[in-house]
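Please read the points below with the model open beside you. Each one takes up a single topic and can be checked by eye.

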Amino acid sequence: MRGRLVGLFVALSLGALLGMQAKAQEQAEVRIGTDGGYLPWSSMTPAGELTGFDIELAKLVCGQMERKCRFTAQPWEGQIPALEQGKYDILVGGISITAERQKRLSFTQSYGNLPINFAAAKSSGLSGKSSWTELKKALIGKTIGVQSGTQSQRFMENELEGEVTVRLYDNQDSLNLDLLAGRLDAALAGRSPWIALTGSSQGQGIEILSPNLDFEQFNYLGVGVGGLMRKDADELRKAWDVALCALKKEGEVKRISEHWFGFDISTKADPKICGA
Amino acid sequence: MDFETALHVLIELAGAIWVTLALAAATLPLGFVLAAIATWARASRRRILRMIASAYVLSFRSTPLLVQIFVLYYGLSQFAWLRESPAWIVLKEPFACAVIAMSLCTGAYTAEVMRGGLAAVPKGAIEAARALGLSPLKVLFLVTVPIAARRALPAYSNEIVVTLKATSLASTITVMELTGVAKDLMSQTFAVIQVFCMVAAIYLAINTILILALRSLELYLTPLHERPRSRSEIAWKKAPA
Amino acid sequence: MAGDASLLEILAWGDQGWSRPLLVGLGVTVACASLGYILGIALGFGLALAKLGRNRWIAAAANVYTTVVRGVPPLLVIFLLFFGTNGALMWIARGFGYTGYIEVDAFTVGVMAVTLVSASYSSEVFRGAYATIPEGQFEAFAALGLRPFTGLCLVIMPQMFRLALPGLGNVWIMAIKETTLLSVISLAELMRVVGLAGRTTGQPFVFYGAAAVIYLVLVAVSSRAFVAAENRMRWG
């Protein structure tokens, strides 16, 4: 009996081995990982093609570096271990640069920074505040939604920790739905999703709250988003940064950001990398 | 991951254990009641009741829980009339929505478990009880239910474990239970595999305690002469090694 | 904005509509679930034999396996399998001097994940089925003079399969649902397509509704098949 069992296991594991299509990849290609479901940074067409601000920018960078690039879509949770294991060389798609994250992985220079705003129902009584101190006072005790892993979440942790109820969402659509349904008193996100929402037919009852939370006042917001890489990928990071310098100088980053966001979100060229 | 980060992660996760346990603790009794109602309706003489109950069990067993939670939470909130009705007081809360959706789902599965348990009750036992002159209600509670409960316990303990694991989906509607906190921590620290292993260890610990406790309950409820071992020894004793 | 496209456009067949990706996703789901399910049942049967066998160590190992796989969230099983197998392969390859990236493709890992989970659950189903076979059956084949091994194969196992059938039907539903989690390792199964489509078109309800209907039909059809098989195998 035992002999048969062993035979069964051997057969099964052999089967598993045959099923493996272990493929070794060439190193010349730059392998880029992205989410594919994160408008307008990175999204996917029905034909399976990736589009979005980050995709278009990455394609330009690849052209600038004169290297071939290949994009793969994978949900965010799986991307980090895949990057660390070597499946990707770089991840793009609206990834915020933070000190905590830089402990483990490294970023390219920032290429975009979406200003953030609160939004709420027009009837909420939160509108017309002239300064952040005033708005903050009005927000205390409210329920506020943000998308997890974004600049907005960091803002909440820095400014309103413990004073409001924070709800975390996987994506902007869920956040919009709950804001529309009235489960949230207010929500914090990049300005462009709010422009899209308030411009749509269902979002007529929503307004963008003043003031704009600008980078000068909250300097930890000032870094923006970048491409994410392993710490040992120095060569690629340098090449990528140089390409970004050139694209920023040519105004290409500004041009595609206006296309995808409706306004300019590009950040200035980092003088330490690009020179004066 | 350095020690400081690991400690921070562990403390955050430990705080979320209670949310997970509370979700399961609220879901299981509700699901049990729903299952009991469905089981009663499926055995009813009225065709319409049987049909409704069967449709409930079929539809909630065959669609992914994620879809059910999503539709209940985001789908129902689309209707303005619902938002103005008293039901909104409950449906407004993510925790309550998670509990309702999971109860409906586990209720459908538990109804199947109950049906299996009832089917395993020997007809002879019921006939014997009737012959002794017990009233139908007494037959139900003194004979049918105890036997069925014992038969159904292994499958039901399975369902308990599945429900506990399923609470992880509540994080998709902003309930910050173990998995939700873990996702947030992963996104902050990028230590995806490490955080995930810690969460898994916590789930495994809770579930192992549950499985062992339920197994001893099962053994306790099994009459001495039916306890395992004797029969397998007949079968394997002479089997060539 | 894509959010204003009509329902017909969204669901059209062709490059601009989502019907074809949905159908491909369904194909991946069914292929992954059924392959993993068949392998899982075979492995689960082996595990059940191990649990019922006389060797205490093998039985204990099988029990630990079942408890661990049941106790850990399925998403983690998938994660560890994917990154674990890749890591192990690369570690071996490094021993031979190859330092590039090697990957077991997501579909294979998906099948393996479904296999491991359904093996764990089906082993319990088989064990339960074995326990319900009346003792008389064992005495009967002994009285007929059959050797234990022959008796087990000819008398006990066919009954075991028949008794296990309803439970195996549940394991099949579980296998289908397990595949909904495989998107994290970038397998484009049905649920991943649904999520992507919902987000890019801004019409999540259309797609989640479609997913509910598709899964419902899938499960309803296969449940019918299981019931039919059960009826066929019922005798006497």
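1. Start with helix H3 of chain C, where C:Ala62, C:Thr66, C:Arg70 and C:Gly71 are buried. A residue is called buried if 20 or more other C-beta atoms lie within 10 Å of its own, exposed if 12 or fewer, and partly exposed in between, with C-beta atoms placed from the backbone. The four sit on the same side of H3(C) because they cover an arc of only 155° around the axis; the arc is that of the directions from the helix axis to the C-beta atoms. The face turned away from the buried side carries the exposed residues C:Trp57, C:Ala60 and C:Val64.

2. The model is predicted: local features need pLDDT of at least 70, side-chain atom pairs count only at pLDDT 80 or more, and totals for chains, interfaces and linings use all residues. Residues are numbered from 1 along each chain as its sequence is written, while chains are lettered from A and ligands numbered from 1 in the order in which they are written.

3. Helix H3 of chain C runs over residues 56-71, which is 16 residues. Helices (H or I, at least four residues) and strands (E, at least two) are DSSP runs, numbered from the N terminus. From its first C-alpha to its last, H3(C) reaches 22 Å, close to the 22 Å expected at 1.5 Å a residue; the expected span is 1.5 Å times one less than the number of residues. What covers the buried residues of H3(C)? The cover includes helix H8 (136-166) and helix H10 (192-221) of chain B, together with helix H2 (19-52) and H5 of chain C.

4. The largest nonpolar core has 191 residues, and those with the most contacts inside it are A:Ala187, B:Ala98 and C:Ile78. Such a core is a set of buried Ala, Val, Leu, Ile, Met, Phe, Trp, Tyr and Cys residues joined through C-beta atoms within 7 Å. Helix H5 (residues 106-132) of chain C gives the most to this core, with 14 residues. One of the named residues, B:Ala98, is in contact with B:Leu23, B:Ile69, B:Ala170, B:Ile173 and B:Val175, leaving aside neighbours within four places in sequence. Two residues are in contact if their C-beta atoms, placed from the backbone, lie within 7 Å.

5. Chain A has eleven helices and 14 strands. Of its 276 residues, 46% are buried. Among contacts in chain A with a separation of 6 or more, 73% are between residues 24 or more positions apart.

6. Chain A is divided into domain 1 (30-112 + 223-274) and domain 2 (116-221); the bounds come from an automatic or database domain assignment. Taken over C-alpha atoms, the centres of these two domains are 26 Å apart. Six residues of domain 1 are in contact with six residues of domain 2. On the domain 1 side, the touching residues divide into two nonpolar, four polar and no charged. Here Ala, Val, Leu, Ile, Met, Phe, Trp, Tyr, Cys and Pro count as nonpolar, Asp, Glu, Lys and Arg as charged, and the others, Gly among them, as polar.

7. How many residues of chain A are in contact with chain B? There are 20, and they meet 20 residues of chain B. The elements that give two or more residues to the chain A side are helix H3 (76-85), helix H4 (99-102), strand E11 (165-169) and helix H7 (172-181) of chain A. That side divides into eight nonpolar, four polar and eight charged residues.

8. Some backbone details deserve a look. The peptide bond from A:Leu39 to A:Pro40 is cis, with omega near -10°, and A:Pro40 lies in the loop between strand E3 (37-38) and strand E4 (42-44) of chain A. Another cis peptide bond joins A:Ser210 and A:Pro211, with omega about 0°.

9. B:Thr174 is not a glycine, yet its phi is positive, about 70°. B:Thr174 counts as buried because 25 other C-beta atoms lie within 10 Å. C:Ser186 also has a positive phi, near 65°, and lies in the loop between helix H7 (148-179) and helix H8 (190-201) of chain C.
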